[in-house]
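I opened my notebook to get to know a new structure, one feature at a time. Have it on your screen and look along with me.

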Amino acid sequence: MRKIKKGDIVARKSYEQDIIFYVKRIIKTSDKEIAILCGLSRRIEADSDVNDLEKINGKRIKNILKAENKQIKERIYKYNKEYQVGIIELKEKRLGQKIVTGKILHLDGDRRYSQKSYNYYKKLGLNAIVKNIPEYRQPRLVYQLLKTYNPDILIITGHDGMIKRGTNYNDIYNYRNSKYFINTVKEARRYDNENKKDTVIFAGACQSYFEAIILAGANFASSPSRILIDFIDPLIVAEKVATTEKYRYINIDDIARELRDGKKGVGGIGSNGRMTLE
């Protein structure tokens, strides 16, 4: 069997190949090699003994990506259909006014997801800037990025996961990247306070420390039930806020039915929309 290397698409034999990952990097210890894994279509990060990994054949990978692309196409079709109807109704009510959707700044720790997210926003015609920034660097860079782009909506995401699943829910050190998401939210709120802004923030990924992220100041976060979320879930939150008028308040019930696992995967205190008429 060919040796597992960085970039390979794999699954864990001990978990009955339940999740498909790509190998982010391999760490050599004195007696074995540990692979750091990121979900191919889920925002999960995990680690595994290289000997527990099995490469996934091209046909299965193709089917997974095909199913994901189908989901995205259906989502875009649904958005265009519903959004265009709403725009027509607004134009009839507000003759001569220009409709401006909320501006999105999206920080994503995953390079592949960053490109897919950019393509998604572009196909929807949304005003979005997407930056591929590793989770650990997001707290250091977010203030200047907010100052540069002045967005209405900030998405902070990438990969995450519990190190010991099902235990130590309130231990920040039991989460792979939640501490970075929390600190990025805090920095974003510092920017808001110093510049009299009110940015709508989503933060988190799979199994993230939901309560601490909300306490840090996020409007929406994952994952209340410490479950996996789809790559597209944060994008749906951004889309909803960006295309909802400012006078309308959005809570998680308005979004939940369109997410992978509803309120188990994403929760929050909500916010007003960020679409304006000029």
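What follows are my entries, in the order I looked things up.

**Entry 1: what I am looking at.** I am reading a predicted model. I kept that in mind for every entry below.

Entry 2: In which order do the 6 strands of the open sheet lie? I read the order as 8-7-9-10-11-13, with mixed pairing. Strand 8 (128-132) and strand 13 (267-268) are the edge strands, each pairing on one side only.

Entry 3: Helix 4 (residues 178-195) does, touching strand 7 (104-108), strand 9 (153-157) and strand 10 (200-203). The direction of helix 4 makes about 160 degrees with that of strand 9. I also noted helix 6 (residues 233-242), which lies across strand 7, strand 9, strand 10 and strand 11. Helix 6 runs at about 175 degrees to strand 9.

**Entry 4: the nonpolar cores.** Which residues have the most contacts inside the largest nonpolar core? I wrote down I104, Y120, Y121, I153 and F220, in a core of 29 residues. Helix 1 (58-93), helix 2 (111-124), strand 8, strand 9, strand 10 and helix 6 each give this core at least two residues. Helix 6 supplies the largest share, with 6 residues. As a background note to myself, nonpolar side chains tend to be buried together in soluble globular proteins.

**Entry 5: a walk along helix 4.** I came back to helix 4 for its own page. Its 18 residues reach 26 Å from first C-alpha to last, close to the 26 Å expected at 1.5 Å a residue. Which residues of helix 4 are buried? My list reads S178, F181, I182, T184, V185, A188, R189, Y191 and D192. These buried residues pack against strand 7, helix 3 (138-149), strand 9, strand 10 and helix 5 (210-216). Just after the helix, K196 takes a positive phi of about 55 degrees.

**Entry 6: aromatic pairs.** I looked up the ring pairs, and the structure holds 4 of them. Y120 and Y121 form an edge-to-face pair, 6.2 Å centre to centre with 65 degrees between the planes. Y120 is buried, with a relative accessible area of 1%, and Y121 is buried with a value of 1% as well. Why is the pair of Y143 and Y191 edge-to-face? The planes of Y143 and Y191 stand at 85 degrees, with ring centres 5.4 Å apart, so the pair counts as edge-to-face. Because Y143 lies in helix 3 and Y191 in helix 4, this pair ties together parts 48 residues apart in sequence. I found both Y143 and Y191 buried.

Entry 7: Now for the start of the chain. Strand 1 (residues 9-12) pairs with strand 2 (residues 21-28) in the antiparallel sense over 2 bridges, and V10 stands opposite F21 of strand 2. Strand 2 is also joined to strand 3 (residues 33-39) by 7 bridges, again antiparallel. On that side, F21 has G39 of strand 3 as its bridge partner. Strand 2 and strand 3 form a hairpin, with 4 residues between them.

I also stopped at S48, in strand 4 (residues 45-49). Is S48 buried or exposed? S48 counts as buried, because its relative accessibility is 5%. Leaving aside residues up to four places away in sequence, S48 touches R12, E33, I34, A35, L37 and L53.

Entry 8: A cis peptide bond joins S222 and S223, with omega about 0 degrees. S223 is in the loop between strand 11 and helix 6, and R226 is found in the loop between strand 11 and helix 6 too. Phi of R226 is positive, near 55 degrees. E16, in the loop between strand 1 and strand 2, also has a positive phi near 55 degrees. R226 is buried at 5% relative accessible area, whereas E16 counts as exposed at 73%.

How values were computed
Residues numbered from 1 in each chain as written. Predicted model: local features only at pLDDT ≥ 70, side-chain atom pairs only at ≥ 80, totals over all residues. Heavy atoms only, no water. Pairing = 2+ DSSP bridges. Contact = heavy atoms within 4.5 Å. Axes fitted to C-alpha atoms, helices over the stretch in contact; angles between N-to-C directions. Core = buried A, V, L, I, M, F, W, Y, C linked by side-chain atoms within 4.5 Å. Buried < 20%, exposed > 50% of the residue type's maximum accessible area, 1.4 Å probe, protein only. Expected span 1.5 Å × (residues − 1). Phe/Tyr/Trp six-rings, centres within 6.5 Å; stacked < 30°, edge-to-face > 60°.
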